Amino acid sequence: MLVVALSVVAALIDSAAAQELAITGTWVPQEMTADVLAHQPQNVRVLTVREARGGLIGKLIVPGLAGIPVAVEQNGDRIRLVIQIARGMETPFDATLTPDHLSVTSLGSGNPPTMLRRPSPEEGQVLERMTPAKLPIPPVKALPPNGLARTPPMGFSTWNHFQTGIDDRTIRDIGDALVKTGMRDAGYVYVNIDDGWQGDRDEHGTLRANGKFPDMKALAAYLHGQGLKLGMYTSPGPKSCAGFEGTYGHEEQDARTFAEWGVDYLKYDWCSAGLIYDDAEMPAVYQKMAEAIRATGRPMVFSLCQYGRADVWKWGADAGGNLWRTTGDITDKWQVMSTIGFAQDDLAPFAGPGHWNDPDMLEVGNGSMSAAEYRTHMSLWALLAAPLIAGHDVRSSAPETVALLTNREVIAIDQDALGRPGRRVVRRGPLEVWTRPLEGKKIAVGLFNRGEAPAKVEASFTELGIKGRAGALDVWAQRSLDALEGIVSAEVEPHAVMLLVLEPSAEGEAGKPAASKK
Ligand code: GLA
């Protein structure tokens, strides 16, 4: 009895201590000064934590004034913080809480802890003034499809190669080069101007391009005259990721401006919207812009970019998206590209005609991967039914880059009318086999070697879901192979792929018994 009573008292004391030790509220780095707060907003870092629906919601505000969600778990004075920048990019921290300090340690980094403190009342007021007020967002509903992007969009974007170093002349030259290289005729029609074109707003709040783009309407007309389409970029936040003017509070107005210019495609990049909204509000925020675009009457492919957070594949189409990023940013590195590409398997059921998973733009031709690695990149993106948005300097494409990007059979796989993304059917260590069902009962098969030594990669017909015999085309070699039976197998170099299109013979069609071998 006494033991029970004592443990009840102990629990009460514990919970009183835990209550005293509230993580909720605002935290700033120990060394933050009034000067940084007043004059260097770009250097302000803040952690806020609040209670919501029985749990804790954290947000990290970092330079550039982006708000990044942080999962927060509290157990007395022990805190686990997980920063969630993008799908597959979760970074955990351990922290110890005292009444007025939070000591945060990056797991496994060996770095000394970062000490956070509570802001003074004056600092708190300045911080509050820095966060823009939240404007209303619409109640969430399922928008009907807009009829665009029945196959994954194909085109070019400035970001991967040029970042913000873009101007009108460069875009026109890229348009010309898309025509001259044959890329336009292969399907690469969208010319997407990413971050860095924005200027300021005029006295009516109308967004203008910066001085490097003297006349967007004329630029759009030029591209349209070349049989190309214009893509544009903005953010639902007050600032884009590169710090340019965003669309926050100007959704209808900016949609009208884009329509007036002749824009055909809009990438809507979360960036600083995280300052204002929680991730749970993403569907409404994207829906708001989708509705604003539709109200203009001009068809625009709507590209959601929020790094694959909040299970976007479950609501992206309802919010009006034709494609949604499923990852953080790609870079021109084997490790990054392959990690992204091979992590898409479970998202396959969510994509289809009009609404696609977007594992980010192509790096083919940017120079830091080998020819085999770029072939793997293209093959995987085609099997995934990913948008093919070239990201190199098309004005100076090497012939092998053009050949890689315009291989007819690879594009046919990507653009297949069934619109069913491929799946992994075999994984043996670093060896993977992916298949994608194609129109006419054909099957695209990728035999991938992610390892560092040549290896035999194989899959049985059972694993591939094929009965009987199958005709085979080697896509990269562009030649037909002898008919296959029972197994497909190839010696594959490190980081390389053998990409095949199999055509099962009629008697082996699904549902019918396999041809008997006597
Ligand atoms: C984010 C996006 C990128 C690119 C940049 C531009 O990082 O994920 O694709 O648009 O912003 O600043």
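A salt bridge here is a side-chain nitrogen of Lys or Arg within 4 Å of a carboxyl oxygen of Asp or Glu. By that rule, the count comes to 29 salt bridges. The model is predicted, so to speak of local features takes pLDDT of at least 70 and side-chain atom pairs count only at pLDDT 80 or more, while totals for chains, interfaces and linings use all residues. Numbering starts from 1 along each chain as its sequence is written, and side-chain values use heavy atoms, with hydrogens and water left out.

**View A. A salt bridge between Arg 117 and Glu 123.** The N to O distance in this pair is 2.9 Å. Both Arg 117 and Glu 123 are buried, where buried means under 20% relative accessible area, exposed means over 50%, and partly exposed is in between (1.4 Å probe, protein chains only).

**View B. Asp 185 and its partner Arg 184.** These two form a salt bridge, with the closest N and O atoms 3.0 Å apart. Asp 185 counts as exposed because its relative accessibility is 61%. Arg 184 has a relative accessible area of 23%, so it is classed as partly exposed.

**View C. Arg 428 reaching Glu 463.** The closest N and O atoms of this salt bridge are 3.4 Å apart. The pair links distant parts of the chain, 35 residues apart: Arg 428 sits in strand 19 (residues 423-428) and Glu 463 in helix 15 (residues 461-464). Helices (H or I, at least four residues) and strands (E, at least two) are DSSP runs, numbered from the N terminus. Arg 428 is partly exposed because its relative accessible area is 40%, and Glu 463 is partly exposed too, at 33% relative accessibility.

**View D. A network of salt bridges.** Arg 201, Lys 239, Glu 245 and Asp 254 are the residues linked here.

**View F. Strand 9 beside strand 10.** Strand 9 (residues 154-157) pairs with strand 10 (residues 190-192) in the parallel sense, over three bridges. Look for Ser 157, which stands opposite Asn 192 in strand 10.

Key. Pairing = 2+ DSSP bridges.
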